[in-house]
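Please open the model in your viewer and keep the selection tool at hand. The tour below goes from one selection to the next and says what is found at each stop.

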Amino acid sequence: CVSVTALAITAGAGGAVVSAPIVLGAVGFTSAGIAAGSYAASMMSAAAVANGGGVAAGSLVAVLQSAGMAGLSGAATAAVGSVGGAVGFLATVI
C-alpha cells in the first residue's frame with residue numbers, strides 16, 4: 001500500500017526530527033553544556049584522551065554538543081529526517 005508506506009516514511013522522518021533534541025539532552029548534550037557524569041561526558045573524556053587532551057573541532061562530540069546547545073542546523077535536520085524516513089520505510093518492508 002503506497003499510502004501506508006508514505007505515512008510510515010512521514011512518521012519516521014517527523015518523529016526523528018522531533019525526538020533528536022530530546023535524545024541529545026537525555027544523554028547529556030544540554031543547552032548549558034555537557035552534563036557531568038553523563039554518557040556525553042564519557043564520550044568527551046574518551047575523545048579528549050584520544051586527541052591528546054582536547055576535543056577536536058568537527059568531531060562527533062563537538063557536533064553533538066553544538067546541536068545540544070543550539071539545536072539542529074538545517075543540514076542536520078535534513079539528515080536526521082532522512083534517516084528517520086528510511087527507518088519508517090524499512091518498517092513497512094520488514
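In which kind of crossing, left-handed or right-handed, does helix 2 pass helix 3? Helix 2 passes helix 3 in a left-handed crossing, a term used when the near helix is turned anticlockwise from the far one by less than a right angle, with right-handed used if it is clockwise. Before going on, note that this is a predicted model, in which local features need pLDDT of at least 70 and side-chain atom pairs count only at pLDDT 80 or more, while totals for chains, interfaces and linings use all residues. Residues are numbered from 1 along each chain as its sequence is written, and side-chain values use heavy atoms, with hydrogens and water left out.

**First stop: the helix pair**

Select residues 39–50, which form helix 2, and residues 60–70, which form helix 3; helices are DSSP runs of H or I with at least four residues, strands are runs of E with at least two, and both are numbered from the N terminus. The two helices pack at an angle of about 145°, and their axes are 9 Å apart, where axes are lines fitted to C-alpha atoms over the stretch in contact and angles run from 0 to 180 degrees between N-to-C directions. Now show the side chains: M43, M44 and A47 of helix 2 meet L60, V61 and L64 of helix 3, contact meaning heavy atoms within 4.5 Å. The residues of this contact of helix 2 with helix 3 divide into six nonpolar, no polar and no charged, where Ala, Val, Leu, Ile, Met, Phe, Trp, Tyr, Cys and Pro count as nonpolar, Asp, Glu, Lys and Arg as charged, and the others, Gly among them, as polar.

**Second stop: the core**

Keep M43 selected, and leave out residues up to four places away in sequence: M43 touches F29, L60, V61 and L64. Next select L24, F29, A40, M43, V61 and A67, the six residues of the largest nonpolar core, which is a set of buried Ala, Val, Leu, Ile, Met, Phe, Trp, Tyr and Cys residues joined through side-chain atoms within 4.5 Å. The elements that give two or more residues to this core are helix 2 and helix 3.

Within helix 2, centre on A40, which is buried with a relative accessible area of 0%; buried means under 20%, exposed over 50%, and partly exposed in between, with a 1.4 Å probe and protein chains only. Leaving aside neighbours within four places in sequence, A40 is in contact with V27, G28, F29 and I34.

Move to G28, in the loop between helix 1 (2–27) and strand 1 (29–30). G28 is buried, at a relative accessible area of 2%, and beyond four places in sequence it touches G33, I34, A35, S38 and A40.

In helix 1, select A16, which is buried at 18% relative accessible area. Apart from neighbours within four places in sequence, A16 is in contact with V80 and G84.

To finish, colour residues 6–27, 39–64 and 70–93, which the unreviewed UniProt entry annotates as "transmembrane region"; such annotations may be inferred rather than shown by experiment. Residues 6–27 are 100% helix and 0% strand, with end C-alpha atoms 31 Å apart, whereas residues 39–64 are 65% helix and 0% strand, with end C-alpha atoms 12 Å apart.
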